[in-house]
Amino acid sequence: MGKQGRRRMGSHALFLIAFFPCKFLAVAILDPLDFLALQSIRKSLHDLPGSNFFASWDFTSDPCNFAGVYCDSDKVIALNLGDPRAGSPGLTGRIDPAIGKLSALAELSIVPGRIYGSLPQSISQLKDLRFLAISRNFISGDIPATLGQLRSLKTLDLSYNQLTGEIPRSIGTLPELTNVILCHNHLSGSVPPFLSQVLTRVDLKHNALTRSLAPDSLSPSLQSLSLAWNKLTGPVDRLLSRLDQLNYLDLSLNQFTGPIPSQLFSFPITNLQLERNLFTGSVQPADQVTISTVDLSHNRLWGQISPMFSTVQNLYLNNNRFTGQVPASFVDRLLSGSIQILYLQHNYLTGIEIKPTAEIPVSSSLCLQYNCMVPPVQTLCPLKAGNEKTRPTAQCNEWKG
């Protein structure tokens, strides 16, 4: 809903002529409960230095003309608090429980700032609420389980706050939910099942979530999933096999186990981040992989490297247990500049057919350190790869045995 025409969309708004000494003043007849709610909200929030957002909030004039307030007839339907321009200082204070009195509110957002305190339980009274976004502030405490009463809610964004406790299971039952963004908080416990059949984005990264994910805990409609930087465990192969609409997947820095399903590599993903887990097994895509970035590093994957990965632009297979020869197709694409990053260090690879005089394009990076071979070409590796060029023979013999 654009700002134009949202200030007051009712064409039959009434006006009351209130008499003041020396002048008449036209005041819109906003619903009295909405008027009082806005007054309470204004008293509990303040502009940070450099912000003039509340300059227009003069309650002797029509509140539907206030900055960030949008009305339909005599009801407030959207409240966007704070200057949305990049770099604006934002607001400080608490969210007053009176916000629950704005009974027709469909949209509530607060720009980044220094809003503190807990999320009022009264928000759950806003039965028409479809959009709730209060990110990059200092909201603390638990997420109210009563938010599960907001059956029309489509977007929930409480990212970059100080929220604690578990994600209420009731939120997962919201039927219209499309976006759940709760990243960069201090949330703990398990990831609840999200049952909405129109769900497209779940971002829970940078929390303290634990336990495993049920195979049917996410809808196949999901397009973007980020669970990175948590403490999640268990296998995810059955879950991921169902999510064939994914275009972004980041499960990095967890403790997931089990195999990586081969069909995952045929999904319309552009960025696949599975690094720093405990994934095991062989990885054998059925077809050439068209994902531009694939990071499977720092796992426990084994077997030979599939030539199907040679079409990946940025490929991180380092710090695993891969064995055998590097397929010739990798060398061809590396020398042509089609592969930009090929990190194979810290595995048990035994060879790569590349001439010592081969000129690797300056736009491409190859690292072969610490394998069961002497690297045939000298290349610059990341500092974390260490200084040792080859893996000790005893380790290589032990792995072969």
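These legends describe close-up views of aromatic pairs, charges over rings and disulfides in a predicted model.

**View 1. Trp57 and Phe59 form an aromatic pair.** The structure holds 10 aromatic pairs. Trp57 is buried, because its relative accessibility is 6%, under the 20% cut-off.

**View 2. Ring pairs build a cluster around several Phe residues and a Trp.** The members are Phe35, Phe53, Phe54, Trp57, Phe59 and Phe66.

**View 3. Phe256 and Phe279 are stacked.** The ring centres are 6.4 Å apart, with 20° between the planes. This pair links distant parts of the chain. Phe256 belongs to strand S20 (residues 255-258), and Phe279 to strand S22 (residues 278-281). The two residues are 23 residues apart. Phe256 counts as buried, at 0% relative accessibility. Phe279 is buried too, at 1%.

**View 4. Arg391 lies over the face of Tyr348.** The distance to the ring centre of Tyr348 is 3.9 Å.

**View 5. A disulfide joins Cys64 to Cys71.** The whole structure has 3 disulfides. Here the S to S distance is 2.0 Å. The torsion about the S-S bond is about -95°, so the Cys64 and Cys71 disulfide is left-handed. Cys64 is buried, with 0% relative accessibility. Cys71 is likewise buried, at 0%.

**View 6. A disulfide ties Cys367 to Cys381.** The sulfurs are 2.1 Å apart. This link is right-handed, with 110° about the S-S bond. The pair connects distant parts of the chain, 14 residues apart. Cys367 is in strand S29 (residues 365-367), while Cys381 is in the loop between S29 and helix H4 (393-400). Both cysteines are buried.

**View 7. Cys372 and Cys396 are joined by a disulfide.** The S to S distance is 2.0 Å. The torsion about this S-S bond is about -100°, so the disulfide is left-handed. Cys372 lies in the loop between S29 and H4, and Cys396 in helix H4. They are 24 residues apart. Cys372 and Cys396 are both buried. With bonded cysteines counted along the chain, the disulfides of the protein follow the pattern 1-2, 3-5, 4-6.

**View 8. Cys183 is a buried cysteine.** Its relative accessibility is 2%.

How values were computed:
Residues numbered from 1 in each chain as written. Predicted model: local features only at pLDDT ≥ 70, side-chain atom pairs only at ≥ 80, totals over all residues. Heavy atoms only, no water. Phe/Tyr/Trp six-rings, centres within 6.5 Å; stacked < 30°, edge-to-face > 60°. Buried < 20%, exposed > 50% of the residue type's maximum accessible area, 1.4 Å probe, protein only. Helix = DSSP H or I, 4+ residues; strand = E, 2+ residues; numbered from the N terminus. Lys NZ or Arg CZ within 6 Å of the ring centre and 35° of its normal. Disulfide = S-S within 2.5 Å.
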